[in-house]
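Visitor: Could you walk me through how some helices pack in this model? I would like to see the structure first.

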Amino acid sequence: MSSAAQGALLGLLAGLGAVLALRRVPAMRRPTLEDRVAPYLRDAASLTRMPGSGGRTPDGFAGVLKPMMAAAAARLDGWLGGSASVRRRLDQLGDGRTLEDFRAQQLVWGGFGVAAGLALALLLAARGSAHPLGLLVVVAACGVTGVLACDRRLSSEVTAHEQRMLVEFPTIAELLALSVAAGEGAVGALERVTTRSHGELARELGRALADARAGAPLVTALERVADRAALPELRRFVDGVAIAVERGTPLAEVLRAQAVDVREAGRRRLMEAGARKEIAMMLPVVFLLLPLTVVFALFPGFYGLSFTTP
């Protein structure tokens with residue numbers, strides 16, 4: 001790339017930075033509806049306080065960065081869409097993050113992607129083997145990749161969360177069965193197990209117990225847990241508890257039977273995974289080790305024949 005093209009690219013980047021900086025100047029920024037209504041409210045001062053700031057307005061770089069991040073996250077949410085899917089996955093994960101927090105995290109990942117794209121673009125520009133438009137495409141592609149990678153990571157976290165719940169389910173079910181057999185009711189058994197257990201399923205059952213204490217029926221609260229997790233085993237657990245509560249059937253036997261069923265299902269999944277791994281392990285044996293063995297077995301013969309031939 002010639003020096004003129006490099007100068008044009010640097011000038012374009014500097015111009016974009018200047019435009020973004022000028023748009024955030026208060027004199028150049030269009031006031032929002034909140035800014036126009038705030039002076040007429042009695043608690044207008046609280047509207048300018050950021051969450052988590054301890055009742056005061058943040059100063060300096062933090063005071064400038066947080067509104068910019070919030071506005072950029074809202075704009076990113078408008079571009080990407082899919083807010084219902086993100087909210088559902090965040091609710092399944094239950095780590096306290098909101099949609100705005102996740103969009104801000106996506107923005108940070110996209111910023112790292114743009115930084116990596118800029119580094120790659122500068123490397124290609126130094127080698128002189130790329131067009132400026134192609135460099136901009138590389139930077140944009142790296143930024144989009146960072147945003148999509150953050151969304152993919154959230155899906156992976158939800159999958160891992162469900163798998164941990166499935167692993168913990170037989171133990172939790174047997175503990176509940178022991179508590180019920182000892183004379184505890186359904187609510188008392190849940191309280192005893194959730195206070196003495198640590199894990200994803202215990203935390204979800206704790207949320208259901210909190211909903212039941214807030215006034216929701218226990219079966220409804222457990223159905224919310226099953227809807228969030230979308231696990232067939234947990235759905236059968238909720239149905240068994242509902243039938244036991246409504247009809248008065250022995251709850252301990254139902255829980256023990258479900259724990260046995262989940263363990264058997266887990267054993268079948270392990271056997272299926274082992275069979276798939278066995279097939280995958282045959283690939284390097286057939287295509288790598290076996291050809292090398294044949295070569296080592298036949299090479300001495302061919303080498304001896306090369307000396308015996310006249």
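Predicted model: local features only at pLDDT ≥ 70, side-chain atom pairs only at ≥ 80, totals over all residues.

Visitor: In which handedness of crossing does α7 pass α11?

Guide: Residues are numbered from 1 along each chain as its sequence is written, and side-chain values use heavy atoms, leaving out hydrogens and water. A crossing is left-handed if the near helix is turned anticlockwise from the far one by less than a right angle, and right-handed if clockwise. For α7 passing α11, the crossing is left-handed.

Visitor: At roughly what angle do the axes of helix α7 and helix α11 cross?

Guide: Axes are lines fitted to C-alpha atoms, for helices over the stretch in contact, with angles from 0 to 180 degrees between N-to-C directions. The axes of α7 (residues 132-181) and α11 (residues 232-247) come within 10 Å. Angles under 35 degrees count as roughly parallel and over 145 as roughly antiparallel. That makes α7 roughly parallel to α11, with a crossing angle of roughly 20°.

Visitor: Which residues of α11 make the contact with α7?

Guide: Contact means heavy atoms within 4.5 Å. From α7 come M165, L166, F169 and L176. On the α11 side, the residues are E233, L234 and F237.

Visitor: Are α10 and α11 roughly parallel or roughly antiparallel?

Guide: The axes of α10 (residues 218-229) and α11 come within 9 Å and cross at roughly 170°. The two helices are therefore roughly antiparallel.

Methods. Helix = DSSP H or I, 4+ residues; strand = E, 2+ residues; numbered from the N terminus. Parallel < 35°, antiparallel > 145°, perpendicular 65-115°, else oblique.
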